[in-house]
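Please look over the sequence and the structure below before reading on, and keep both in view while you follow the text.

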Amino acid sequence: KMAAAAGPAAAAAGLWSEGNRCGQNGDFARALKSVNKILQISKDDVTALQCKVVCLIQNGNFKEALSIINTHTKVLTSDIIAFEKAYCEYRLNRIESALKTIQSASQQTDKLKELYGQVLYRLERYDDCLAAYRDLIRNSQDEYEEERKTNLSAVVAAQSTWEKVVPEDLGLREATYELCYNSACALIGQGKLNEAMKKLQKAEELCRQSLSEDSDVTEEDIEAELAIIHGQMAYIMQLQGRTEDALQLYNQIIKLKPTDVGLLAVIANNIITINKDQNVFDSKKKVKLTNAEGVEHKLSKKQLQAIEFNKALLAMYTNQADQCRKLSASLQSQSPEHLLPVLIQAAQLCREKQHAKAVGLLQDFADQHPASAAEIKLTMAQLKIAQGSVTKACMILRSIEELQHKPGMVSALVTMYSHEEDIDSAIEVFTQAIQWYQQFQAKTNYSSCVFQPKSPVHLSLIREAANFKLKHGRKKEAISDLEELWKQNPKDVHTLAQLISAYSLVDPEKAKVLSKHLPSSDTMSLKVDVDALENSHGATYVRKKAGKLTGDNQQKEQGQGEVKKKKKKKKGKLPKNYDPKVTPDPERWLPMRERSYYRGRKKGKKKEQVGKGTQGSTTAGSSELDASRNASSPPTSPRPGSAAAVSATSNVIPPRHQKPAGAAATKKKQQQKKKKGSKGGW
């Protein structure tokens, strides 16, 4: 019995030895076979089960490994197998489950902390992720320090790009192309495109240097590794408006057929945005790349959302109305507060000439989401203007409380009311805006101004209102505004001059009184070099420089009554058939149709000359051309100069170029048959 018992133990020891040797050599497939044999001897061996899970993970069988962990929960407790379980869940894109597994572990090992950082990054919890990597870098010293720094810079780049957070200087030495690339991404998020392009060029150089040192790496491998860097370069070109260069670089990357489905999806999406409503067939091909398997796990939520928006717009441009509505409705259900889905639906309705329905849809959204009401109402106003309802558009714009007193909005409303010749409403807009600024001037410091940057906004609005009223004949109201401006700044000569000009149209005496306040001409004299001004680049008139006058010229200048030399007029050419004895036609300057003796063209002149009989028959004049009837002429040799003679410049068609006999008659019969067979009219 003891010998029999020692047999399985000895076999297990041999299997353990073989499995260990295979694992050290990286042959996890053979190691797995040894472990399975051990489990046949002892099915609940904790070490064997743990080794089997590791072998399956190394072979990429994450689903099977997780299944073994879940079926042996009594043996494989969380404190033993927590990392392996969380890693399998992470690789199977069960990110939330992986986070729970890590947080429920009794002991937070370094391996779990590393995985925790990756999980937080995938969940887009960038602040927590940044803290986790800082803690790892601070408390660990091993050969993976460079990778941790790279991950840390990736988190900062993501914050800058997606959360618009100004990245802090981490003090990382950009010695690798990955660090340079992440730094460039952070700069793109800040809008520093030129600096980002320089970083990417440096990253490309470092990547080529590091990969070229390996003799096994080919040029194709290097280009494949550079694809993501070139993709960001093309994106910067697109943002800078260099769409042709960007498109060329995007297509070069696609031709390389990179294995990264996320990169391909982003590039395809960017090409679609360049195409817009043009080249839709190319866009329909590219959109297939965004539907590849696994794309949703490679991109951020905002990237995926942008791709879905572009799919909906592409469906609209390709007249797929149902598909467009379906995609936009799905997007709206995912993000109820987002503007784009509603705007896409409204645009689709407008393409279907349902403008009233589009405006109603936008109004409902504005009522449900007051925070986005301003942007929605601006779109509604644009639709009303497109329909020609300018007054209704003005009413919508005036309902936007947070914008109705802005100088830009005031300018737009005044322009629109002027277009509709509603001067009273335009003046009312000015009045309300001026009152609003006067009320809040003490509370808020408005230092910038659209009209006159050095003066407060409400004073500039008063000046513009006065100019508008003067232009439209409201002189008394304009004078009231100008007087208020002058009281605010009595030293303003420009306002005083405007006021005097306005009073001169209504009350000249008052204008004379006010003119006494103008400064004297001596104080207003400007030191202007007239010659330099006239000779300047923008001068429309340049005075000729006076040359030295000779003695003869001086006498001519002093002399009076001299007659300037007149240029001789050339005699007009007479027509060749001009007869001085014949009186010219007094109506010769009129077109032929307007002359009194014009009777119109003779219609049917050519038709009369064509015979109506069978083919070959001629008119009455044909007898003159028939040589057989003329006895004096030989039948074979017509006279020189006779009508039957064909000259070299004749328009007669040679026999080879004539239509075949019977063609006209056949065509006529066919036309008659068609007429008989026709059933309906127009």
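Predicted model: local features only at pLDDT ≥ 70, side-chain atom pairs only at ≥ 80, totals over all residues.

Residues are numbered from 1 along each chain as its sequence is written, and side-chain values use heavy atoms, with hydrogens and water left out.

Helix α8 covers residues 126-139, where helices are DSSP runs of H or I with at least four residues, numbered from the N terminus. Its buried residues (buried means under 20% relative accessible area, exposed over 50%, partly exposed in between, with a 1.4 Å probe and protein chains only) are Tyr126, Cys129, Leu130, Ala132, Tyr133 and Leu136. Seen down the axis of α8, these residues fall within an arc of 165°, so they line one face of the helix; the arc is that of the directions from the helix axis to the C-beta atoms. They pack against α7 (110-122) and α9 (145-162), with contact meaning heavy atoms within 4.5 Å, whereas the face turned away from the buried side carries the exposed residues Asp127, Arg138 and Asn139.

Finally, is Gln345 buried or exposed? Gln345, which lies in helix α18 (residues 339-351), is buried, with a relative accessible area of 16%. Leaving aside residues up to four places away in sequence, Gln345 touches Ser328, Ala329, Gln332 and Leu361.

Conventions. Helix = DSSP H or I, 4+ residues; strand = E, 2+ residues; numbered from the N terminus. Expected span 1.5 Å × (residues − 1).
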